[in-house]
Amino acid sequence: MAVPRSIRQVFLAIEQAEGAGARVRRSIGTAKLRNFSPFLMLDHFTIGKGAGFPDHPHRGQETITYLLSGGVDHEDFAGNKGTIGPGDLQFMTAGRGIMHAEMPHENEDGSPNVGMQLWVDLPQKLKMCEPRYRDLRASEIPIAKPDDDRVIVKVISGQSHGVDSVRDLAYTPVWILDISIKPGGKISQPLPQGWNAFAYTLAGETVFGSSDSTRVVKEFHNVQFDQAGDFVELSVPDNAEAESRIFLVAGQPLDQKVVQYGPFVLNTQEEVYQAMLDYQTASNGFERTRGWQSEIGKRMAF
């Protein structure tokens, strides 16, 4: 018999400054939620004019950027460059080393650029793989519409109600679902057994659970689920004033130690020291940092 997952904790993601002039609501990678393998960090970011994330390095993790509105340009030391727009995603594998910049568009109407960025740990055997990018456009994301179309699920990665995602875009297995629920709508969403899972509430009020065990959660909260169980239940009451939107994510835990120093995520302290040395000396994966400066990073007004 299938068993619903219980909620371990619910907490508000408090807005803070990050990067150069950006604002983020960080929920994973804070005192409230650490060591939640394979997840390292979750930011709900807002980047306006004159802000952004200029040239910076990474090693040992993958970053998944999901743009909700606006546009973000990226450029790295290998000559890769491009732009993601509303509903698009970029999956970046840092592997043995990458240096890049992520800078916002300056929108004509002055609106900020808003999105989610999730950091996912890499398995130890892939920590030193070659870096890579994969983009997923909004038009490529399949959609499930359970409960007579009162629920819309963008199946970015994983499965929902008979709809499979396009392809696996991260080395570490993850499911990512963008769920919108209209008033009166409800969904029971299965998740892989033994995987860690959370939901981040982007908008509206969502009821988690059913029958005698429910919890109403407002926007900008992280809901961490227990690892045990087969599915999660989400709904919005008939009398709600607006629909809700939830970013539901599950990932396969990695049985390994995490040692992190800023953008370097390895398995031992010695490996972190080595990453810092490699970056400072432009070696072992960081050779192309020597003398490199992104064009988009020059937009910053210092």
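In β22, the bridge partner of Y200 is N222. This pairing belongs to a predicted model. Strand β22 covers residues 221–225 and runs antiparallel to β19, with 3 bridges joining the two. Strand β19 also pairs with β24, residues 244–251, again in the antiparallel sense, over 7 bridges. Within that pairing, F198 stands opposite V249 in β24. How many residues of strand β19 are buried? The count is 7 of the 8 residues in 196–203, so β19 is largely enclosed by the rest of the structure.

The UniProt record, an unreviewed entry, places "domain: Pirin N-terminal" on residues 22–120. This span is 61% strand and 0% helix. Its end C-alpha atoms lie 21 Å apart.

An open sheet of 4 strands comes next. Its order is β5-β10-β7-β8, and the pairing is antiparallel. Strands β5 and β8 form the edges, each pairing on one side only. On average, neighbouring strands of this sheet are turned by 20° against each other, direction ignored. Take the pair β7 and β10. E75 stands opposite A101 in β10.

The loop between β6 and β7 holds G70. Is G70 buried or partly exposed? G70 counts as partly exposed, because its relative accessibility is 22% and the buried class ends at under 20%.

Next come the annotated residues. The unreviewed UniProt entry lists H56, H58, H100 and E102 under "binding site". They span 47 residues in sequence, yet no two of their C-alpha atoms are more than 12.6 Å apart, so they gather at one spot. Of these residues, E102 is included in the lining of the second largest cavity. H56 is found in strand β5. H56 has a relative accessible area of 18%. That places H56 among buried residues, because the cut-off is under 20%.

The largest pocket has a volume of about 670 Å³. Its lining draws two or more residues from each of β3, β4, β5 and β11. Which element gives the most to this lining? Strand β4 does, with 6 residues. In total, 34 residues line the largest pocket, and R26, M41, W119, Q260 and G262 lie nearest its centre. By class, the lining has 17 nonpolar, 11 polar and 6 charged residues.

The second largest pocket has a volume of about 230 Å³. It is lined by 14 residues. Nearest its centre lie R5, S6, I7, G209 and S213. Strands β20 (206–210), β21 (213–217) and β23 (231–235) each supply at least two residues of this lining. Here the classes are 5 nonpolar, 6 polar and 3 charged residues.

Finally, look at the backbone. Most residues other than glycine have a negative phi, and most peptide bonds are trans. Three places in this model deserve a look against that background. The peptide bond from S37 to P38 is cis, with omega near 5°. P38 sits in the loop between β3 and β4. D147 has a positive phi, near 55°, although D147 is not glycine. The loop between β13 (143–144) and β14 (151–157) contains D147. A282 is another residue other than glycine with a positive phi, in this case near 50°. A282 lies in the segment after α1, the helix of residues 269–280. Is A282 buried or exposed? A282 counts as buried, because its relative accessibility is 9%.

Conventions: Residues numbered from 1 in each chain as written. Predicted model: local features only at pLDDT ≥ 70, side-chain atom pairs only at ≥ 80, totals over all residues. Heavy atoms only, no water. 1 Å grid on protein atoms, 1.4 Å probe; cavity = no way out; pocket = protein on both sides within 12 Å on 5 of 7 lines; lining within 4 Å. Points joined across faces, edges and corners; volume = space filled by probe spheres on them. Nonpolar A, V, L, I, M, F, W, Y, C, P; charged D, E, K, R; others polar. UniProt positions renumbered as here; feature names shortened; annotations may be inferred. Pairing = 2+ DSSP bridges. Axes fitted to C-alpha atoms, helices over the stretch in contact; angles between N-to-C directions. Buried < 20%, exposed > 50% of the residue type's maximum accessible area, 1.4 Å probe, protein only.
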